[in-house]
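User: I have a model to go through with you. Please answer a few questions about it.

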Amino acid sequence: MTDPALPRRVVVTGATGKLGRAVVAHLRGVGVDVLAVDRVGGRDPRDVDGEFLLVDLTDYGQVVEAFTGGADEHAGGIDAVVHLAAVPAPGLMSNATTFANNSAATYNVFAAARAAGIRRVVWASSETVLGLPFDTPPPYAPVDEAYPPRPESTYSLNKVLEEEMARHFCRWDPELVMVGLRFSNVMDVEDYAPFPSFDADPTLRRWNLWGYIDARDGAQAVERALVHDQPGADVFIIANADTVMTRSSASLMAEVYPGVEIRKELGEHETLLSIDKARRVLGYEPRHSWRNHVPQT
Ligand SMILES: NC(=O)c1ccc[n+]([C@@H]2O[C@H](COP(=O)([O-])OP(=O)(O)OC[C@H]3O[C@@H](n4cnc5c(N)ncnc54)[C@H](O)[C@@H]3O)[C@@H](O)[C@H]2O)c1
């Protein structure tokens, strides 16, 4: 059933990407009227089934048109924006290219939303701001949103600047609601096959404290963020409730990060990327686990 608090018409950027496809399908499934936007894709329904507009978000004019109904055949009346478009990791493109694309795209989305009178923006920040790849050990575990960001790459630096930018947009306009979701490593069901092999080497997935996010749970988090009604900017870690490992979370920390303070009694496979704040404030509760898709030894 459609949540009456959900915005009626929503732009999703990065709609043909890995997370974007799951988010568009999920939001349409709960009755949201989605205008899917990306710089890649076209009429082929395998790209993204339904209303789609080709936009390069680094061009402010194109973003304004997308948000205000200035593109033929696509109505305005946009109530919220879900901004997922980005070069999605360090090392895929040169640092300067990643920074130029991601910072311009996000500034344009934030500024055009404000200019169009759109009060609600949900966007993809990243787990990387927590200090990935944790060559420097985390300050404590599970890591949470309470310590200052520790970007270790240009990609991550830009995500930190986006979080800061959102705070100032909200200071300029106190009615804005801007929710940054610090997603863990996004996984589709097809990605789960190698998970049981991770146990052989605990350092293999150390870089993000053995976390992950099922794309469907990522989409659910976006839905929860879209009904968040606390004005201002806030950020939330979005991960699954468990790790990618068969070994216990406590044994992983003891072996790989023996000096790091463990701040709570850990469940057997409990995530070391805390989702307590997302649970408490957004009502996010992961529904999926790789353990339900792959046999474990
Ligand atoms: N994949 C992960 O593990 C992960 C983890 C944490 C955060 N994130 C963030 O989540 C978001 C989605 O990531 P993803 O894994 O779906 O990535 P993806 O590469 O699959 O999708 C990103 C999409 O953004 C589009 N895009 C990039 N620049 C654009 C521009 N200038 N104009 C229009 N479209 C543009 C691309 O064409 C692509 O379709 C990104 O912001 C990424 O930084 C991803």
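User: How many nonpolar residues does the shell around the ligand have?
Analyst: This is a predicted model, in which local features need pLDDT of at least 70, side-chain atom pairs count only at pLDDT 80 or more, and totals for chains, interfaces and linings use all residues. Residues are numbered from 1 along each chain as its sequence is written. Ala, Val, Leu, Ile, Met, Phe, Trp, Tyr, Cys and Pro count as nonpolar, Asp, Glu, Lys and Arg as charged, and the others, Gly among them, as polar. Besides eight polar and five charged residues, the shell has nonpolar residues numbering 12.

User: Which element gives the largest share of the shell around the ligand?
Analyst: Elements are DSSP runs numbered from the N terminus: helices (H or I, at least four residues) and strands (E, at least two). Helix H1 (18-29), helix H3 (95-115) and strand E5 (120-126) each give two or more residues to the shell. The largest share, three residues, comes from H1.

User: How many residues of strand E2 are buried?
Analyst: A residue is buried if 20 or more other C-beta atoms, placed from the backbone, lie within 10 Å of its own. Strand E2 covers residues 33-38 and is mostly covered. Of its six residues, the buried ones number five.

User: Which residue in E2 is the bridge partner of Thr13?
Analyst: Strands pair if DSSP finds at least two bridges between them. Strand E1 (residues 9-13) and E2 run parallel, joined by five bridges. The partner of Thr13 in E2 is Val37.

Methods: A residue is buried if 20 or more other C-beta atoms lie within 10 Å of its own, exposed if 12 or fewer, and partly exposed in between; C-beta atoms are placed from the backbone.
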